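Subject: Structure for your review

Dear colleague,

Please find the structure below, followed by a summary of what was found in it. I would be grateful if you could look through both.

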Amino acid sequence: MNEATLAIHPRYTVGPVRPRLFGSFVEHLGRCVYGGIFEPGHPTADADGFRGDVLELVRELGVTVVRYPGGNFVSGYRWEDGVGPLEDRPRRLDGAWRSIESNRVGLGEFQRWAARAGVETMLAVNLGTRGVQEALDLLEYANHPGGTRLSDARGGEPYDIRLWCLGNEMDGPWQTGHKTAAEYGRLAAETARAMRFLDPGLELVACGSSHAAMPTFGAWESTVLELAYEQVDHVSAHAYYEADPDDPGGFLASAVDMDRMIEAVTATADAVGARLRSRKRLTISFDEWNVWYQSRLPQWLPADWTEAPPISEDAYTAADAVVVGNLLISLLRHADRVAAACQAQLVNAIAPIRAEPGGPAWRQSIFHPFALTARLARGEVLRVAMDSPDYDTARYGRVPVLDAVATHDRDAGEVAVFAVNRDRARPLRLRLDHAAFAGHRVTGHTTLDDALPGATNSADAPDRVAPRAVPVGPDLVLPPVSWNVIRLARNRS
Ligand code: AHR
């Protein structure tokens, strides 16, 4: 058995837990929208065609903000196609996902769904094939109270969308309308400036890098922010991870890469801010992250043009869930500089929720660490101290077997410790030093692991991989390849 120590102290904090860290993403990709959140005729569908079983799971997941409508999709999207009478909405080719877009769901429908799900919308504008004017039109349509052609066409109350993405992954050659950093930086700055003329209180996200291995990583952020620093609030980061049979330990340590990416992007943004003599500090919108079996994508992409073909509907394993839980630990640890984060995506495609056409919806393994972290991470994030054995990985060199973060809800007198054991064979005995929390004791330990780390959930076995309570004894033992949450509470006198 390995042994590690983790010390927590109420005075050493990172900052408040930001609710927007528990975001998700609904893109017009595969069956995320059609056959995911929206399936008229499904036994649980409401009058607008939204699946009630999926909505219930979204609420249980604890999602706070949802990015929409893409993703790669947005870079060729005409938002006007998705508003107005259904019979006038065109069918279009979507080159990003080689699919036919029916436009039966557009911004108005999404807003109705978001209200039912109780989530904030983070809206992306198309800066691939479009520009400043179309972004302004969309903003006027969405947020202006009325009395203009576009806002009257919306009808009803303004959507009051605060958080806007200025395009998507514009650094990627796969992106429709891909740009150089200088081209994009100018366009992002001008779009942002014009959007603020209409609505000064918006929060705007400039595109950062699509992943940390992009050849332009760092240089992209630097050039874009030189041009747009004062106009934006956040810079985006995206990262996906995939199991590698040649480096299984490296996959389990994916959060090391997320940590490094966050630290590199904030350092780059701060360096630009210093060069510009700006007092403003940007934060990161980590608006796409997850485990994603991207190497299997070519097998999923359809040969023919069809509506909502299944794409990237991989079943997630118990080990994937441990990695997802660890990525959430990384996001929480950086709550001072990561303002929002969106797990990509929500239903069916790369998703914690799966839904069969006309059939059941169920929780994938990765649903559980997200739901428990969103529910239990409350109050302040604590800066923890760890002493752990380490191991070799091909990707990241030596990494600790233990990774952890903690949150402290002072009012409730509760502490939650989120921890992973990345060791593939040995359990980890954890000495939790909480002496600084006078009068607190461990009240619960929940673990997510599986004797078969490759086990998955399915429609027939929806709870094969699920969290389980561990009896609280004198020792805290984290099983091999496990994600854990340990709860402490103040004794009531
Ligand atoms: O989430 C799937 C895709 O991954 C998104 O459309 C794109 O932004 C990223 O490359």
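In the side chain of E288, an N or O atom lies 2.6 Å from an oxygen atom of the ligand, a polar contact (a pair of N or O atoms within 3.5 Å). The side chain of Q345 likewise places an N or O atom 3.0 Å from a ligand oxygen, while N72 brings a backbone N or O atom to 2.9 Å from one. The protein buries 97% of the 280 Å² that the ligand exposes when taken alone (Shrake-Rupley method, 1.4 Å probe).

This is a predicted model, in which local features need pLDDT of at least 70 and side-chain atom pairs count only at pLDDT 80 or more, whereas totals for chains, interfaces and linings use all residues. Residues are numbered from 1 along each chain as its sequence is written, and side-chain values use heavy atoms, with hydrogens and water left out.

Around the ligand there are 13 residues, of which E27, N72, E169, Y240 and E288 come nearest (a heavy atom within 4 Å).

The ligand takes up the space of the largest pocket, which holds about 430 Å³. A pocket is an open set of points on a 1 Å grid over the protein atoms alone, where a 1.4 Å probe fits, with protein on both sides within 12 Å along at least five of seven lines; lining residues have an atom within 4 Å of a point. The lining comprises 22 residues, with S210, H211, Y240, W292 and Q294 nearest the centre.

Terms used: A polar contact is a pair of N or O atoms within 3.5 Å; within protein, one must be able to donate a hydrogen and the other to accept it, and residues adjacent in sequence count only if both atoms are side-chain atoms. A molecule sits in a cavity or pocket if more than half of its atoms lie within 2 Å of its grid points. Grid points are joined across faces, edges and corners, and a volume is the space filled by probe spheres set on the points.
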